[in-house]
Amino acid sequence: MSQPVRLHILITTLPGHGQKQIDAFERLAPLVRAEEGCLQYDLHRVSGDPDRFVLIEQWSSRAALAAHDVTAHMVEADAVSPTFRAGPAEVIELAADPVA
């Protein structure tokens, strides 16, 4: 049986472009949440910084995540995000089991 995949994705937008990230996420989130294997897809703003975000994703399996990465809506989102992001997002994959 496959282990869930948990990701925390750190996103920084260009100064003053945080709302563009929120708007893009609001359009994208319903499509992603409807994908098979999507267990969580939530965007949080970093407290005190309107241009920094953490996207928390959880997928039922590595295969579900791989399928997500090549959907038309993700390909389109990846093409548009450089227009408002300060650079590439930092993807952090969490180990399956907590250490403490």
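A: Helix α1 (residues 18–33) packs against helix α3 (residues 72–80) at an angle of about 155°, and their axes lie 10 Å apart; helices here are DSSP runs of H or I with at least four residues, strands are E runs of at least two, both numbered from the N terminus, and axes are lines fitted to C-alpha atoms over the stretch in contact, with angles from 0 to 180 degrees between N-to-C directions. That angle makes α1 roughly antiparallel to α3 (over 145 degrees). The contact (heavy atoms within 4.5 Å) is made by L28, L31 and V32 on the α1 side and by H73, M74 and A77 on the α3 side. By class, this contact of α1 with α3 has five nonpolar residues, one polar residue and no charged residues (Asp, Glu, Lys and Arg count as charged; Ala, Val, Leu, Ile, Met, Phe, Trp, Tyr, Cys and Pro as nonpolar; the others as polar).

The model is predicted, so local features need pLDDT of at least 70 and side-chain atom pairs count only at pLDDT 80 or more, while totals for chains, interfaces and linings use all residues. Residues are numbered from 1 along each chain as its sequence is written, and side-chain values use heavy atoms, with hydrogens and water left out.

The largest pocket has a volume of about 610 Å³, the space filled by probe spheres set on its points; a pocket is an open set of points on a 1 Å grid where a 1.4 Å probe fits, with protein on both sides within 12 Å along at least five of seven lines, and lining residues have an atom within 4 Å of a point. Of the 28 residues that line the largest pocket, L28, M74, A77, D78 and R85 are the closest to its centre. At least two lining residues come from each of β1 (5–12), α1, β3 (52–59), α2 (62–69) and α3, and by class the lining has 17 nonpolar, five polar and six charged residues.

R85 sits in the loop between α3 and β4 (90–94). Its C-alpha atom is 9.0 Å from that of K20, although R85 and K20 are 65 residues apart along the chain. Not counting residues up to four places away in sequence, R85 touches I11, T12, T13, L14 and Q21.

Technical notes: Parallel < 35°, antiparallel > 145°, perpendicular 65-115°, else oblique.
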